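I opened my notebook to work through this protein one piece at a time. Here is the structure I was looking at.

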Amino acid sequence: MRRRIPTYAIPLTALLLFANSTAVAHYLWVNVDAEGSEHGTANLYFEEGPAAGDGGYLDPFVEHGRMWMRTLEDGEAVELEMSEATAPKKRWLRADLPESTTRSVESYGKFGVYRYGQTDVLLHYYAKCLEVADHDELHELGRAEDLELDIVPHDVSGGLELTVLWRGEPAAGRPMSVRGPGGLRQNVKTDDNGRVEVAVEKPGRYTFRTSVEEPDKSGVDDGKEYQLTRHHSTLVIQLPLEASE
């Protein structure tokens with residue numbers, strides 16, 4: 001998502017400033033906070049990164065978004081009840097988590113039709129936050145079967161291997177945005193097997209983002225015509241993992 005402001009409503013000085021600034025893209029993110037309730041809180045953001053913003057485009061997820069949790073003990077998805085949360089100039093969705101355990105918290109939401117230039121695009125968003133400690137836990141929870149577009153992590157020596165799965169099949173040549181501690185910023189593409197490998201040099205939170213486009217999938221959604229369909233997926237995880245015994 002990118003903010004668009006009608007040019008006829010902007011004074012010339014503001015328009016010049018806007019032209020020199022970087023547009024902010026929006027993606028769906030899940031992040032888990034240990035505070036806020038007895039077993040932690042899952043927060044759902046629709047912002048540039050996994051942090052609360054003004055929530056200006058949040059409404060479609062308030063109305064139609066879903067969030068659920070999977071655990072090692074029960075691989076079945078447990079739906080989470082979301083409510084709106086606010087702070088000064090900030091707005092997001094939150095859900096109290098039912099238990100403190102190793103878990104994957106996941107979300108899906110259809111934004112609807114949005115215009116990019118002269119093209120109307122139907123947008124779908126997927127998000128996952130993994131709270132795992134070691135290789136075995138990652139192996140059990142890393143794949144989110146309910147996400148059509150999924151970023152599946154596997155720990156390897158010195159880093160992380162990620163496979164982008166589109167409807168269960170590896171997606172080659174897909175862009176992958178990597179962000180991490182110490183100002184880590186990488187933009188890479190998946191190989192022929194849908195994989196990328198990322199070095200984990202500093203401990204902290206790592207975020208990953210990818211997308212898939214269906215250029216031939218047009219139609220009508222909620223009375224609005226669109227010419228193509230685009231899917232975005234994100235992953236949030238703390239690294240490095242502990243070594244398994």
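My entries below go from the sheets to a set of rings and then to a pocket.

**Before I start.** I am working on a predicted model, where local features need pLDDT of at least 70, side-chain atom pairs count only at pLDDT 80 or more, and totals for chains, interfaces and linings use all residues. Residues are numbered from 1 along each chain as its sequence is written, and side-chain values use heavy atoms, with hydrogens and water left out.

**Entry 1: the four-stranded sheet.** I noted that helices (H or I, at least four residues) and strands (E, at least two) are DSSP runs, numbered from the N terminus. Two strands pair if DSSP finds at least two bridges between them. With that in hand I looked up an open sheet of four strands, and its order is S1-S2-S6-S5 with antiparallel pairing. Which strands stand at the edges? They are strand S1 (27–33) and strand S5 (83–87); each has a single partner strand, so one side of each is left without a neighbour in the sheet. On average, neighbouring strands here are turned by 35° against each other, direction ignored. For such angles, axes are lines fitted to C-alpha atoms, for helices over the stretch in contact, and angles run from 0 to 180 degrees between N-to-C directions.

I then checked S2 (residues 41–47) against S6 (residues 90–96): they run antiparallel and four bridges join them. Threonine 41 has aspartate 96 of S6 opposite it.

**Entry 2: the eight-stranded sheet.** Next came an open sheet of eight strands, in the order S4-S3-S7-S8-S18-S15-S12-S13, with mixed pairing. Strand S4 (78–79) and strand S13 (184–189) are its edge strands, and each pairs on one side only.

Tryptophan 68 stands opposite glutamate 79 in S4, and methionine 69 opposite valine 78. A hairpin through six residues joins S3 to S4. S3 also runs antiparallel to S7, with six bridges between them; arginine 70 has serine 104 as its bridge partner in S7. Is S3 mostly covered or uncovered? Mostly covered: five of its six residues are buried. (Buried means under 20% relative accessible area, exposed over 50%, partly exposed in between, with a 1.4 Å probe and protein chains only.)

**Entry 3: the rings.** I looked for aromatic pairs: rings of Phe, Tyr and Trp (its six-membered ring) pair if their centres lie within 6.5 Å, and planes under 30 degrees apart count as stacked, over 60 as edge-to-face and the rest as tilted. The count comes to 11 aromatic pairs. Phenylalanine 46 and phenylalanine 111 form a stacked one, at 5.8 Å centre to centre and 25° between the planes. Phenylalanine 46 lies in S2 and phenylalanine 111 in S7, so the pair ties together parts that are 65 residues apart in sequence. Phenylalanine 111 also pairs edge-to-face with tyrosine 114, at 6.2 Å centre to centre and 75° between the planes.

How covered are these residues? Phenylalanine 46 is buried at 1% relative accessible area, phenylalanine 111 is buried at 14%, and tyrosine 114 is buried at 8%. One aromatic cluster is formed by Phe46, Tyr57, Phe61, Phe111, Tyr114, Tyr116 and Tyr125.

Entry 4: Rolling a probe the size of a water molecule over the atoms shows where empty space is left. I wrote out the rule: on a 1 Å grid over the protein atoms alone, a pocket is an open set of points where a 1.4 Å probe fits, with protein on both sides within 12 Å along at least five of seven lines, and lining residues have an atom within 4 Å of a point. The second largest pocket holds about 320 Å³ of space. It is lined by 14 residues, and the closest to its centre are Phe111, Gly112, Val113, Asp222 and Lys224. Helix H2 (59–64) and strand S7 (103–116) are the elements that give two or more residues to this lining, and the largest share, six residues, comes from S7.

I ended on aspartate 222, in the loop between strand S16 (219–221) and strand S17 (224–226). Aspartate 222 is exposed, with a relative accessible area of 72%. Aspartate 222 and glycine 112 are 110 residues apart in sequence and 7.7 Å apart in space, C-alpha to C-alpha.

Notes
Points joined across faces, edges and corners; volume = space filled by probe spheres on them.
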